[in-house]
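Here are a few friendly notes to read alongside the model. Take them one at a time, and find each residue on screen as you go.

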Amino acid sequence: LWQQLTHLRDARVALPAPVLDGIWINEENRQVWAHGRQVELSSQEFSILHYLSSRAGKLCTRRAIFEEALEQHYEDDMVERTRVDSAMSRLRRKIELDPDNPQHLHTARGQGYRFEW
């Protein structure tokens, strides 16, 4: 057990600063680290997070997220709005320190979402 813990501590020290202090997205390997821990995301969640992070600071509508990140046609009905909102809720639980007071995934009520590093 001691060897495993030592290995994990040493691996953590070797990680880039954004991994330890915020969000780090490795697009090539489809890996996400949040606040010092690796986060397992579904393909849909990764696509949405990658899309939002590549447009950091900009408002992204549900339509844009659905059509550009998920590459699906958006009908603007309750099912598709709920799908995006549910994915955002799951992402917040996975990457935010406090999902009720997010640092990274912000809602613009009635408009869409904004990612902040």
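This is a predicted model: local features need pLDDT of at least 70, side-chain atom pairs count only at pLDDT 80 or more; totals for chains, interfaces and linings use all residues.

1. The buried residues of H4 pack against helix H3 (43–54), strand E4 (60–61), helix H5 (78–95) and strand E6 (112–115).

2. Which residues of H4 are buried? H4 covers residues 62–69, and the buried ones are Arg62, Ala64, Ile65, Phe66 and Ala69. Just after H4 comes glutamate 71, which has a positive phi of about 55 degrees.

3. Now turn to how H3 and H4 meet. Their axes lie 10 Å apart, and the two helices pack at an angle of about 115 degrees. That angle makes H3 roughly perpendicular to H4. The crossing of H3 and H4 is right-handed.

4. Which residues make this meeting? From H3 come Ser47, Ile48, Tyr51 and Leu52, and they meet Ala64, Ile65, Glu68 and Ala69 of H4. Sorted by class, the contact of H3 with H4 has six nonpolar residues, one polar and one charged. A general point is handy here: an α-helix has 3.6 residues a turn, so residues three or four places apart point the same way.

5. Do look closely at Ile65. Leaving aside residues up to four places away in sequence, isoleucine 65 touches Ile48, Tyr51, Leu52, Cys60, Leu70, Val84 and Tyr113.

6. Finally, zoom out to the largest nonpolar core, which has 26 residues. Ile48, Leu49, Leu52 and Ile65 touch the most other members. Strand E1 (23–26), strand E2 (31–34), H3, H4, H5 and E6 each supply at least two residues of this core.

Terms used. Residues are numbered from 1 along each chain as its sequence is written. Side-chain values use heavy atoms; hydrogens and water are left out. Buried means under 20% relative accessible area, exposed over 50%, partly exposed in between (1.4 Å probe, protein chains only). Helices (H or I, at least four residues) and strands (E, at least two) are DSSP runs, numbered from the N terminus. Contact means heavy atoms within 4.5 Å. Axes are lines fitted to C-alpha atoms, for helices over the stretch in contact, and angles run from 0 to 180 degrees between N-to-C directions. Angles under 35 degrees count as roughly parallel, over 145 as roughly antiparallel, 65 to 115 as roughly perpendicular and the rest as oblique. A crossing is left-handed if the near helix is turned anticlockwise from the far one by less than a right angle, and right-handed if clockwise. Ala, Val, Leu, Ile, Met, Phe, Trp, Tyr, Cys and Pro count as nonpolar, Asp, Glu, Lys and Arg as charged, and the others, Gly among them, as polar. A nonpolar core is a set of buried Ala, Val, Leu, Ile, Met, Phe, Trp, Tyr and Cys residues joined through side-chain atoms within 4.5 Å.
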